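This report describes selected features of one protein model, from strand pairing to aromatic contacts. The sequence and structure are shown first.

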Amino acid sequence: QVQLVESGGGLVQAGGSLRLSCAASGRTFSSYALGWFRQAPGKEREFVAGLSRSGLSTYYADSVQGRFTISGDNAKNTVYLQMSSLKPEDTAVYYCAAALVFQGFPRAVGNVNYWGQGTQVTVSS
């Protein structure tokens with residue numbers, strides 16, 4: 001069992017920045033790759049960014065490439081999502097995700113093993 005707890009969401013103006021955090025715990029969480037998905041009202045949950053289990057590789061959706069940065073702190077068992085140049089279309093509930101994969105990070109919702117409770121990010125125009 002892996003527990004994921006997100007924090008850092010909120011309201012920000014377009015062009016602003018936010019940093020999301022996801023604290024992971026559990027007996028075998030180190031076997032999982034961590035990442036972020038988001039779900040806007042009326043839309044399906046979509047991949048945002050992922051960090052390989054080794055922490056050496058990062059993956060991004062085209063829509064956030066160059067604006068968002070995912071990183072991890074092994075000592076704190078935490079993964080971060082630094083979001084910059086935010087746009088109104090980034091408004092969504094952001095979910096931390098853990099996937100039991102040896103390499104890479106899955107982009108499909110069905111390949112995620114554990115989810116956090118979600119944190120709301122609202123970008124005003």
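## The open sheet

In strand E3, Ala 24 is the bridge partner of Leu 4. Strands here are DSSP runs of at least two residues (E), helices are runs of at least four (H or I), and both are numbered from the N terminus. E1 and E3 (residues 18–26) run antiparallel and are joined by six bridges; two strands count as paired if DSSP finds at least two bridges between them. Strands of a sheet pair through backbone hydrogen bonds, in either a parallel or an antiparallel manner.

Four strands form an open sheet in the order E1-E3-E8-E7, with antiparallel pairing. Strand E1 (2–7) and E7 stand at its edges with a single partner strand each, so one side of each is left without a neighbour in the sheet. From one strand to the next the twist averages 20°, where axes are lines fitted to C-alpha atoms (for helices, over the stretch in contact) and angles run from 0 to 180 degrees between N-to-C directions.

## Basis of the model

The model is predicted: local features need pLDDT of at least 70 and side-chain atom pairs count only at pLDDT 80 or more, whereas totals for chains, interfaces and linings use all residues. Residues are numbered from 1 along each chain as its sequence is written, and side-chain values use heavy atoms, with hydrogens and water left out.

## Loop residues

Two residues other than glycine have positive phi values: Asn 77, at about 55°, and Ser 85, near 50°. Asn 77 belongs to the loop between strand E7 (68–73) and strand E8 (78–83), and Ser 85 to the loop between E8 and strand E9 (92–99). Asn 77 is partly exposed, with a relative accessible area of 28%; Ser 85 is also partly exposed, at 42%. Buried means under 20% relative accessible area, exposed means over 50%, and partly exposed lies in between (1.4 Å probe, protein chains only).

Ser 52 is located in the loop between strand E5 (46–51) and strand E6 (58–60). Ser 52 is buried, with a relative accessible area of 7%. Its side chain makes a polar contact of 3.1 Å with that of Ser 54. Such a contact is a pair of N or O atoms within 3.5 Å; within protein, one must be able to donate a hydrogen and the other to accept it, and residues adjacent in sequence count only if both atoms are side-chain atoms. Apart from neighbours within four places in sequence, Ser 52 is in contact (heavy atoms within 4.5 Å) with Ala 33, Ser 57, Tyr 59 and Gly 104.

## Aromatic pairs

Six aromatic pairs are found in the whole structure. Rings of Phe, Tyr and Trp (its six-membered ring) pair if their centres lie within 6.5 Å; planes under 30 degrees apart count as stacked, over 60 as edge-to-face and the rest as tilted. The ring centres of Tyr 32 and Tyr 114 are 5.6 Å apart and the planes lie at 70°, so this pair is edge-to-face. Tyr 32, in the loop between E3 and strand E4 (33–39), and Tyr 114, in strand E10 (residues 114–115), are 82 residues apart. Both Tyr 32 and Tyr 114 are buried.

For Phe 37 and Phe 105, the centres are 6.3 Å apart and the planes at 50°, so the pair is tilted. Ring pairs link Phe 37, Phe 47, Tyr 95, Phe 105 and Trp 115 into a cluster.
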